[in-house]
Amino acid sequence: MSLLELDDLTVRYGGLVALDEARLRVDRGSLVGLIGPNGAGKTTMIDCLTGFTPATSGHVIFDGHEVTSLPAHRRTRLGMIRTFQSLELFDDLSVRDNCRVAASDPRWWEPLADVVRPGRRPVDDALLDDTLATLGLTELAGLRPPELSHGHRKLVGIARVLVRKPDLLLLDEPAAGLDSGESQTLGRLLRGKVDNGASMLLIDHDMNLVLGICDRIYVLDFGRVIAEGTPDEIRNNPAVVAAYLGSDVDSDLEPTPESVSRSLPSIGAHTA
Ligand SMILES: Nc1ncnc2c1ncn2[C@@H]1O[C@H](COP(=O)(O)OP(=O)(O)OP(=O)(O)O)[C@@H](O)[C@H]1O
Ligand SMILES: [Mg+2]
């Protein structure tokens, strides 16, 4: 059984079918990529499987449990942790404190536990230090987000979710705004976590990143899964090249600007 299973998952926003009977699997200890043009339904899929958007129909099974109707905070408790496409850091906290706040998961009994065992450390400081170091953020740990470059802020967003030790990490465009060096560092970090047992679903338009580190890749177009396979299979899939990668895929592995923005919402080809 896979850690995450989506079956026939459909999400409608009014008359718009954003996700159309999608099926996807993430096995334990694997890194799965999700790619597709703008408006294809990638963020909607993460919104729906984490409980931020209701499913119109279909099923989300996490670790053997049907979670389709659970609220977002219950799914987070089960170990599904996501990042958001837009950065949501606390501007008045340091990098380190941004990560520490995110790592603590207050429960009703925590004040009692603090009385019984003062000085409990819910945050794994060794993991936090290690994560900051791997992402090149150690020197910046005392700064606040407004003092950082966009790339560094993005990396803080990644550090913040990694220190929560998620069972399944869902990353929505973590490399957007990173330069190629930062993107490669991020790729090595994510692959390393997966090689050590983590499980991830990665959305990104950086094809060097996705094709370079994922075990399997799903391709969405107009809300439908149009292909699934290994990076090599996806790279050579004519439907994927036509819908997303473009015919120059072999030259730089980047989707063409036309293909990325082809299915803008205003086109409305997938409205019901
Ligand atoms: N809350 C919402 N209400 C109405 N329509 C929405 C909502 N969220 C997304 N949509 C629409 O659903 C479709 C899928 O959007 P989604 O954000 O999932 O695409 P995406 O693949 O993540 O695109 P991008 O690569 O630009 O991030 C789009 O047509 C979008 O306009
Ligand atoms: Mg998106």
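1. The loop between helix H6 (150–162) and strand E7 (168–172) holds Lys-165. This residue is not a glycine, yet Lys-165 has a positive phi of about 50 degrees. Lys-165 counts as exposed, at 53% relative accessibility. Here buried means under 20% relative accessible area, exposed over 50%, and partly exposed in between, with a 1.4 Å probe and protein chains only. Helices (H or I, at least four residues) and strands (E, at least two) are DSSP runs, numbered from the N terminus.

2. A word on conventions, since this is a predicted model: local features need pLDDT of at least 70, side-chain atom pairs count only at pLDDT 80 or more, and totals for chains, interfaces and linings use all residues. Residues are numbered from 1 along each chain as its sequence is written, chains are lettered from A and ligands numbered from 1 in the order in which they are written, and side-chain values use heavy atoms, with hydrogens and water left out.

3. Strand E7 itself is worth a look. Five of its five residues are buried, so E7 is largely enclosed by the rest of the structure. In a regular strand the side chains alternate between the two faces of the sheet. In E7, Leu-168, Leu-170 and Asp-172 point one way, while Leu-169 and Leu-171 point the other way, and all are buried.

4. Which strands does E7 pair with? Strand E6 (residues 80–82) pairs with E7 in the parallel sense over three bridges; two strands pair if DSSP finds at least two bridges between them. In this pairing Met-80 stands opposite Leu-168. E7 also runs parallel to strand E8 (residues 200–203), joined to it by four bridges, and Leu-170 stands opposite Leu-201 in E8. From E7 the chain crosses through H7 to E8, and this β-α-β crossover is right-handed: with the strands pointing away from the viewer, the path from the first strand over the helix to the second runs clockwise.

5. Next, the largest pocket. About 500 Å³ of space lies in it. Rolling a probe the size of a water molecule over the atoms shows where empty space is left. On a 1 Å grid over the protein atoms alone, probed at 1.4 Å, a pocket is an open set of points with protein on both sides within 12 Å along at least five of seven lines, and lining residues have an atom within 4 Å of a point. Grid points are joined across faces, edges and corners, and a volume is the space filled by probe spheres set on the points.

6. What lines the largest pocket? The lining has 26 residues, of which Arg-82, Phe-84, Arg-160, Val-161 and Arg-164 lie nearest the centre. Helix H2 (72–78), E6, helix H3 (95–103) and H6 are the elements that give two or more residues to this lining. H6 supplies the largest share, five residues. By class, the lining has 13 nonpolar, six polar and seven charged residues. In this scheme Ala, Val, Leu, Ile, Met, Phe, Trp, Tyr, Cys and Pro count as nonpolar, Asp, Glu, Lys and Arg as charged, and the others, Gly among them, as polar.

7. Val-161 makes a handy landmark. It is found in helix H6 and is buried, with a relative accessible area of 7%. Val-161 and Arg-82 are 79 residues apart in sequence and 7.2 Å apart in space, C-alpha to C-alpha.

8. Elsewhere, an open sheet of four strands has the order E2-E1-E4-E5, with antiparallel pairing. Strand E2 (16–26) and strand E5 (65–66) stand at the edges with a single partner strand each, so one side of each is left without a neighbour in the sheet. Seven bridges join strand E1 (residues 4–13) to E2, and Leu-6 stands opposite Leu-24 in E2.

9. Finally, strand E9 (residues 216–221) has five of its six residues buried, so E9 is largely enclosed by the rest of the structure. Strand E3 (residues 31–35) runs parallel to E9, with four bridges. E9 and strand E10 (residues 224–229) form an antiparallel pair over five bridges, and the two make a hairpin with two residues between them, where Phe-222 in the turn has a positive phi of about 50 degrees.
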